[in-house]
Amino acid sequence: MKSKTAPSFTFNPSGRDDLRRRRRLQHLLEVRDKLAVTVAAHEVHHLDDADEATQLLYAVEATMQREFPALYPRLFDTWLARDAGLAHDGTTQVLECPICQRDAAPRQGAQRNPAAA
């Protein structure tokens, strides 16, 4: 019968750093994705702050390129494909577009209760 030995755990400060970097990357990816949706929506629907949102998007991408240079080229290729799917002509409803979602939602109070009339 083999004896089972408990795995040895040692303090690994680089493991903590790895976790911190993964969390940082995840946070930047989430912010970047939200900004990409915002930029696409604002450009399609001709909102005034589209340029500001685009500059924020570029700043997040530059941060990712600086902090994660080995990963950045693969991320960029993924973004190109995903962001192309966010583009629309503004006349059709797109599920990921928050402005299309807002416009498609029934207005509160717009529908009357027939029983109350």
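Colleague: Leaving aside its neighbours within four places in sequence, which residues is Arg 32 in contact with?
Modeller: Arg 32 touches Leu 57, Val 60, Glu 61, Met 64, Trp 79 and Asp 83, where contact means heavy atoms within 4.5 Å. This is a predicted model, in which local features need pLDDT of at least 70 and side-chain atom pairs count only at pLDDT 80 or more, while totals for chains, interfaces and linings use all residues. Residues are numbered from 1 along each chain as its sequence is written, and side-chain values use heavy atoms, with hydrogens and water left out.

Colleague: And where is Arg 32 found?
Modeller: Arg 32 is in helix H1. Helices here are DSSP runs (H or I, at least four residues), strands are runs of E (at least two), and both are numbered from the N terminus.

Colleague: Is Arg 32 buried or exposed?
Modeller: Arg 32 is buried, because its relative accessible area is 1%. The cut-offs are under 20% for buried, over 50% for exposed and partly exposed in between, with a 1.4 Å probe and protein chains only.

Colleague: What about the largest pocket, which residues lie nearest its centre?
Modeller: Arg 32 again, along with Leu 57, Tyr 58, Glu 61 and Asp 83, out of 14 lining residues. H1, H2 and H3 each supply at least two residues of that lining. The pocket holds about 210 Å³ of space.

Colleague: How do you define a pocket?
Modeller: On a 1 Å grid over the protein atoms alone, a pocket is an open set of points with protein on both sides within 12 Å along at least five of seven lines, whereas a cavity is a set where a 1.4 Å probe fits but cannot get out; lining residues have an atom within 4 Å of a point. Points are joined across faces, edges and corners, and the volume is the space filled by probe spheres set on them.

Colleague: New topic: which residues form the aromatic cluster?
Modeller: Tyr 72, Phe 76 and Trp 79 form one cluster, and the whole structure has 3 aromatic pairs. Tyr 72 and Phe 76 make a tilted pair, 5.9 Å centre to centre with 35° between the planes. Rings of Phe, Tyr and Trp (its six-membered ring) pair if their centres lie within 6.5 Å; planes under 30 degrees apart are stacked, over 60 edge-to-face and the rest tilted.

Colleague: Where do Tyr 72 and Phe 76 lie?
Modeller: Both are in helix H3 (residues 72-86), 4 residues apart, about one turn of the helix. Tyr 72 also pairs edge-to-face with Trp 79, at 5.7 Å and 75°. Tyr 72 and Trp 79 are both buried, while Phe 76 is partly exposed at 33%.

Colleague: Last one: what is the phi of His 46?
Modeller: His 46 has a positive phi of about 55°, although it is not a glycine. Most residues other than glycine have a negative phi. His 46 sits in the loop between H1 and helix H2 (50-67), and counts as exposed because its relative accessibility is 68%.
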